Amino acid sequence: MNRWKTQLAGVAKAMSAAAVLGFAAQATAAEITWDRLLNADKDPNNWLMYHGSFKGWHYSALDQINKSNVKDLSIAWIHTPAAAKRGIQSFPLVADGVLYYTSSTGQVWALDAATGAFIWKYSAKIDQERAEGTFYNPYNRGLALGYGKVYVGTVDGRMIALDQKTGQVVWDQMIMTVEKGNKGFTGAPVIVKDKVLIGSNGGELSGCCGPIFAVNAQTGDVEWQFDTIGGDERSRASWGNDSWKVGGGGGWMTGTYDPQTNSVWWGTANPAPDYDWAGENWMTEGPRPGLNLYSSSVVVLDADTGTLKAYFQEMPHDAWDFDSAVGEFVQIDRGGKRYMIHPNKGGIMFVYNADPSVTQGDQVLKVENAYMIGKTYNYIQGVNAKTGELIGRRELPLGKHTNVCPAIDGAISWNTGSYNPNTGLFYKVTQEWCFDIEVQKVDRPADFSGQAYFGASWTATHPEGRQAFGTVQAFDPITSKKKWEVEMKYPPLASLLSTKGGLVFVPGADGTFYALDADNGNKLWQHNNGVGHHGGVISYTAKGKQYVAVVTGWGSHVSGNYAPLFGEPFASMPTDNGQLLVFSVK
């Protein structure tokens, strides 16, 4: 303990000196500068941001744990936070021997990354009445680290900065009021230069504008705001009858930053009402006539001002809740071209030109390829590989519709895949299920009221002729050429990790944690973690040793489908706890 205090004291002095130099200061122990975040992909010993680095690969260049010794992987330490409604969905972060993570009740933990020993804990005081007025209480999917601080968003619309060494509050700012809808934050923030970015939830709630915020990293003051709905004339004109005022939207997962173009890439959420009784006449009739920009889209913003550079609406007039708020943006350079790959809930992979100035006209991003990875779908017939346009839409007019595939929860959820530069493959899970839905007419709520605004009721079902299932797929993310596929009895809901050691880690829905061979998908190792996963998995080193960390915990809206569809073990699986489990090879 004395050694730890001595180390902290040294760090504090170093950080005080660095503060005089500003953001350009060189990194010292436990200090995370902008330069260090920019080069996070070159630092495999740490996991400094939600996506690992701005490349978004969710890949570890560590190989102490590899194909030859993964069979010896065992638990090094476990951390059990206080009881957590709906389990744990966060991604741990690691910086210089300290692991940070959140649990769903607003707790933030700092632990010794080698032993799990307690360093500090913070518990946010949440406005429960406001938080429980959303569908997302009490989700929290992660943190951001930088400039001596730990940043976390809350479900009641606040951003909090904690001292990285002590967990003491540096500032606590109400970023999003209820004036234009009862929305908050569930995704992890991301630091971009001297700002911290975060997007709101609320696609199922009446009210605009689904904002994405950039706040000052030192003070928490809002520097800019991009409204995903109603933020410019093009958006407002695409919502008939001023329906943008009750149009939902948001950007509830974590985007990324492209330093080459100084651009922020962010995925946006579904419009409200969720579902629309107009059927094929959606351009002129129904509760939200028109394209409904910029819902269910990818937007590219100037990092300094929040000004829109380019966009692509992946789901024009989204009629299925297959939004694009999936936060995964994978940057790949190949053959002299730069690509940005983004999946959406409809099971489509969009491959964009990474330069937002290269467009299809009128600020529309250039699509280089688009292809389906979801296997069970009938909401469309397919997607145009050259333009990204949907082919053969299945509209859902007023009334009952059976076996619509995939289910509302999507062929792809918010969980991330992993790109491995050694194999050139992208590893991704899919969820293969359907639902029966009854589309209903609902009264328009008052403008900006924050009321629930659903246009349907539904029940999850199995695909025709077989039980619901999942896949883990390995494919070339640019061309879509598939290398291998493993079918999973239960659709995985957690994120993946691939490593230089030739492994793909898959946290399973039933609590089984797998290591697959990255070259062929063969199962090399598994461990029963006791409860389902729908959070993150990372790898790092502490005191020269490689670890793999994964969170467990069950109970999200999506995981609520499993007991009706599959019965046990999900019918008896607890939904009020979770753990952080850390593995190593002895």
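**One residue and its chain**

Mentor: The 49 positive and 56 negative charges of the chain have mean positions 6 Å apart. Lys and Arg count as positive, Asp and Glu as negative, while His and the chain ends are not counted. Each charge is placed at NZ of Lys, CZ of Arg, CG of Asp or CD of Glu. This is a predicted model: local features need pLDDT of at least 70, side-chain atom pairs count only at pLDDT 80 or more, and totals for chains, interfaces and linings use all residues. Residues are numbered from 1 along each chain as its sequence is written, and side-chain values use heavy atoms, leaving out hydrogens and water.

Now the fold. The chain has five helices and 38 strands (DSSP runs numbered from the N terminus: H or I, at least four residues, for helices; E, at least two, for strands). Its radius of gyration is 22 Å, close to the 25 Å of the globule rule for 586 residues, so the chain is as compact as a globular protein of that length. That radius is taken over C-alpha atoms, and the rule is 2.2 Å times the number of residues to the power 0.38. Buried residues (under 20% relative accessible area, 1.4 Å probe, protein chains only) make up 65% of the 586.

Gln64 sits in the loop between strand S1 (59-60) and strand S2 (73-79). Its relative accessibility is 41%, so Gln64 counts as partly exposed, the class between 20% and 50%. Leaving aside residues up to four places away in sequence, Gln64 touches Asn69, Gly544, Lys545 and Gln546 (contact means heavy atoms within 4.5 Å). Gln64 and Lys500 are 436 residues apart in sequence, yet 9.0 Å apart in space, C-alpha to C-alpha.
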